[in-house]
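Here are my notes for you, as numbered points. Have the model open while you read.

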Amino acid sequence: MKLTAGGRRLAAAALVQSLGIGLFMASSMAYFTRQVDLSANQVGSGLALAGVVALGTSLLGGALADRYGARRVLAAVYVGRGVCCAAYVFVTDFWQFMAVTLCAVACDRAGPPVLQALVAAALPERQERTRLLAVVNVVRNCGLGAGAMAAGVALASDTQAAYRVTLVAIGLAFLSGAVLVLRVPELAAPTAGPAPEGAAEQQVKSRVLPDARYLTLTGLNFLLFFFDTMLLVAMPVWILEHTDAPRATVSVLFALNTVLVVALQIPVSRLATGQRRTTRMLTWTGAVLAVSSLCFAASGSVAGGPAVAWLAAAVVTLSLAEVIANSAVWDLSIALAPEEQRGRYLSVFNLSVAGQRVLGPVLVTGLLLGSGSLGWVVAATVLVVAGVAAERVARAAGERIRVEVPVDA
């Protein structure tokens with residue numbers, strides 16, 4: 001895929017900041033527990049609390065993007081994350097850790113919808129937006145892996161100096177991403193000046209929240225995004241506690257997922273062409289996730305090689321569902337949002353993703369895994385229904401917009 005200059009800068013920014021995230025994810029726990037003397041429970045509870053608080057503050061990013069322009073807001077988010085990483089160097093107790101983490105997670109949650117808003121503002125053609133977001137996702141996955149491997153230097157040294165140099169490097173990576181973002185052109189950046197005459201009444205009438213169909217699609221996406229929790233939480237726990245597959249299977253299947261997403265995301269994104277085909281991909285997502293769930297269920301009733309084979313089939317289909325879902329929701333969440341409120345709409349839609357990451361582990365450990373294979377069968381049924389319902393809601397929303405304002409097909 002040939003990218004525009006702005007697209008190349010966004011991809012480069014994604015690579016740079018994902019290298020920083022990979023470094024942080026791989027080295028931060030060791031730094032906090034071995035150098036700052038926090039317990040693993042303190043770090044875990046702090047991150048969880050920050051995630052819950054950030055669910056509300058993440059909406060602010062979209063509102064600011066609508067008012068000041070997505071480019072400036074995304075650059076500010078990257079700067080904020082960079083400053084927070086550097087600030088960890090000076091953390092000496094739990095409450096300082098909490099203060100910095102709240103700011104860092106708030107910036108992290110605000111970033112994805114603002115990035116989508118910037119892509120929408122930089123690229124007028126609908127298919128180009130989806131393909132650029134696919135490239136960004138692939139680049140991000142590669143950067144995360146490379147950053148995690150690079151963190152091995154600090155982990156091997158296991159000294160305060162090594163960890164602090166790593167944190168400063170992470171901060172510089174985010175600042176570099178901000179510089180690249182500021183060089184991305186926006187087709188029409190909002191201004192912070194006074195509203196034109198006659199616009200005040202229109203602003204009063206504008207919705208505080210997205211319309212009902214968009215909100216319904218957001219709720220259904222909470223279910224369809226279940227692939228994330230299935231991979232990160234359900235899969236390792238299921239393998240270790242409900243199958244006799246070797247423990248090493250967990251890391252092998254994580255690697256398999258990464259390879260498949262990198263290989264398939266861009267080709268699958270080309271299927272998101274036109275409103276009808278893109279909405280149909282939501283049904284495909286639910287169906288493929290259901291197949292993955294049934295494969296997980298089957299792996300618990302066999303032993304040895306067959307169990308590993310069922311688990312591999314589960315992760316292959318889960319990975320396919322992930323790239324299908326990504327391609328569909330990237331396209332629809334932008335296309336179904338009114339241009340003047342795009343940042344706000346996308347921030348609300350992103351709550352389905354953030355909410356899944358907060359509530360998903362609770363649902364998995366409390367309901368799905370506790371019910372054994374039956375839990376997977378129930379999950380498969382729910383996912384099929386969610387996919388079909390999401391397609392119908394998205395199609396109805398698209399028809400409404402086509403009547404009011406023509407949508408690219």
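1. Start with helix α10 (residues 226–242): its end C-alpha atoms are only 20 Å apart, whereas a straight helix of 17 residues would span 24 Å at 1.5 Å a residue. That expected span is 1.5 Å times one less than the number of residues. Helices here are DSSP runs (H or I, at least four residues), numbered from the N terminus.

2. A word on the source: this is a predicted model, where local features need pLDDT of at least 70, side-chain atom pairs count only at pLDDT 80 or more, and totals for chains, interfaces and linings use all residues. Residues are numbered from 1 along each chain as its sequence is written, and side-chain values use heavy atoms, with hydrogens and water left out.

3. Where does α10 kink? Look at Ala 234, shortly before the proline Pro 236, where the kink is about 45°. The bend at a residue is the angle between axes fitted to the seven residues ending there and the seven starting there.

4. α10 is mostly covered, with twelve of its 17 residues buried (under 20% relative accessible area; exposed is over 50%, partly exposed in between; 1.4 Å probe, protein chains only). Both Ala 234 and Pro 236 are among the buried ones, as is Trp 238.

5. Now the loops. Asp 37, between α1 (5–34) and α2 (40–68), has a positive phi of about 65° without being a glycine. Asp 37 is exposed, at 61% relative accessible area.

6. Asp 158 sits in the loop between α6 (152–157) and α7 (160–182), and its phi is also positive, near 55°. Asp 158 is partly exposed, at 24%. Most residues other than glycine have a negative phi.

Key
Helices (H or I, at least four residues) and strands (E, at least two) are DSSP runs, numbered from the N terminus.
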